[in-house]
Amino acid sequence: MKVCQLCAVDFTLKNFLLPLIDGMHRDGWQVIAVCSDGPFVGDLRRRGYAVETVSIARSMNPLSALRSTLALIRLFRRERFDILHVHTPVAALIGRVAARLVGIPLVIYTAHGFYFHNEMPRWKRSLFIALERFGGRFSNILFSQSSEDAADAVRQGIAPAARVLAIGNGVDVSRFDPGAVGSGAALRAELGIPLDAFVVGLIGRQVREKGVGEFLRAAEILAQSHPQAWFLLVGERLASDHATGVEAELTSAGVALGSRLVTLGLRSDVPQLLAAMDLFCLPSWREGMPRTIIEAMMMAKPVVATDIRGSREEVVPEETGLLVPLKAPEQLAAAIERFILNPDWGRALGAAGRRRALRLYDEECVVARQLERIAEEARRLRLH
């Protein structure tokens, strides 16, 4: 079978879709990935992945969307795909419309996290639900990463239950192995962080909706009372990102913490960074099924996250970490302080988190779940 894996940007392709593409290759399927051109495309091609580029904006500008849809129609007609698998909101919507116009027989949509959430104004939430319902009319299968999203898809009329499957999320167990990665002491030394410091980290896009502002405010609250606490911020704001940045909060926290706030850009050594942390935080406003939390759990780190869909499916309060309310830096600071004051308790929760991650979040199992369901539908449509 010939498959198109479609997403908006090459960052998504590189960081989230390669295990699935590799699984399809192992099953003998031909896969062409499609995304906007970007800095990772050349390297992916050198590694043997077939990548076609089509400009896809991440915001729903009608003119840009029309141009992208027409470009996809031309590509789909040329390549004659059996399967289209779409990811990320804008690419998913226009890709499914183009697939219907061209006649691709099997269309799959993975909702990595529905854009609508309860914090939105009602009109905006209703608009995004309506767009999901519209796109759902052109989908054979809807994969969601979280069980809550799967339930929402059915409840909101986006897709019937028979076409929805919660696939979960996972990571490479061999890569996120504390025994193989080591203690993180060498990386601490490289970053100028003392070995006896208590390191609280966040890995994610440096935008407001990832809770970076709350993380930095919590760090300021704890700065004076806990001089042994260091805060490690990893990631960057993508050039294509239309979410609001956190420059003012970074400046303020930098004044309060000085060298105890370590800010790094995009990094590939995530296991080593997690090994250097004592506690991982992700105070996001919305998520699908956040992989960074799973990575932290695999590395036996306790987690503090917001009580939102996806995150609350991964973190078990008082067993593998803590959940705090949305946009509540004072309560986030209080949760972090519990771990600073009780490091042995934190290590016990981290060990429990690793056991849970090994049981539920093995990437190979997540990929196998998807391939099995796709193959089942392909057989039903007599494509395979």
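The model is predicted: local features require pLDDT of at least 70 and side-chain atom pairs pLDDT 80 or more, while totals for chains, interfaces and linings use all residues. Residues are numbered from 1 along each chain as its sequence is written, and side-chain values use heavy atoms, without hydrogens or water. Helices (H or I, at least four residues) and strands (E, at least two) are DSSP runs numbered from the N terminus. Contact means heavy atoms within 4.5 Å. Buried stands for under 20% relative accessible area, exposed for over 50%, and partly exposed for values in between (1.4 Å probe, protein chains only).

H10 spans residues 247-257, and Glu249, Ala253 and Leu257 are buried in this helix. Viewed down the axis of H10, these buried residues fall within an arc of 50 degrees, so they line one face of the helix. The arc is taken from the directions between the helix axis and the C-beta atoms. An α-helix has 3.6 residues a turn, so residues three or four places apart point the same way. Glu247, Ala248, Thr251 and Val255 are exposed on the face of H10 turned away from the buried side. Gly258 follows H10 and has a positive phi, near 60 degrees. H10 itself lies across E9 and E10 and runs at about 140 degrees to E10. Such axes are lines fitted to C-alpha atoms, for helices over the stretch in contact, and angles run from 0 to 180 degrees between N-to-C directions.

E9 and E10 belong to an open sheet of six strands, in the order E10-E9-E8-E11-E12-E13, with parallel pairing. Two strands pair if DSSP finds at least two bridges between them. The edges are formed by E10 and strand E13 (321-324), each of which pairs on one side only. From one strand to the next, the twist averages 20 degrees. Strand E8 (residues 198-203) is joined to E9 by six bridges in the parallel sense. Phe198 has Ala229 of E9 as its bridge partner. Helix H14 also lies across this sheet, over E8, E9, strand E11 (279-282), strand E12 (303-306) and E13. H14 runs at about 165 degrees to E13.

H14 (residues 329-341) also packs against helix H15 (residues 343-360). Their axes come within 5 Å and cross at roughly 105 degrees. That makes H14 roughly perpendicular to H15; 65 to 115 degrees counts as roughly perpendicular. Arg338, Phe339, Ile340 and Leu341 of H14 meet Pro343, Trp345, Gly346 and Leu349 of H15.

A further open sheet has seven strands, in the order E3-E2-E1-E4-E5-E6-E7, and its pairing is parallel. E3 and strand E7 (164-166) stand at the edges with a single partner strand each, so one side of each lacks a neighbour in the sheet. Neighbouring strands are turned by 20 degrees against each other on average, direction ignored. Five bridges link strand E1 (residues 2-6) to E2 in the parallel sense. Cys4 stands opposite Ile32 in E2. Helix H6 (residues 147-155) packs on the sheet and touches strand E5 (106-111), strand E6 (141-144) and E7. The direction of H6 makes about 165 degrees with that of E7. Helix H16 (residues 363-380) lies across strand E4 (83-87), E5, E6 and E7. H16 runs at about 175 degrees to E6.

E2 (residues 30-35) and E3 (residues 50-53) pair in the parallel sense over four bridges. Cys35 stands opposite Thr53 in E3. Between E2 and E3 the chain passes through helix H2 (residues 41-46), in a right-handed β-α-β crossover. Right-handed means that, with the strands pointing away from the viewer, the path from the first strand over the helix to the second runs clockwise.

Several loop residues were also examined. Glu318 lies between helix H13 (311-314) and E13. Its phi is positive, near 70 degrees, although Glu318 is not a glycine. Glu318 is partly exposed, at 43% relative accessible area. Lys327, in the loop between E13 and H14, has a positive phi near 55 degrees. Lys327 is partly exposed, at 40%. Most residues other than glycine have a negative phi. Lys210 lies in the loop between E8 and H9. Lys210 is buried, with a relative accessible area of 16%. Lys210 touches Leu202, Arg205, Leu282, Pro283, Ser284 and Glu287, not counting residues up to four places away in sequence.

Key. Parallel < 35°, antiparallel > 145°, perpendicular 65-115°, else oblique.
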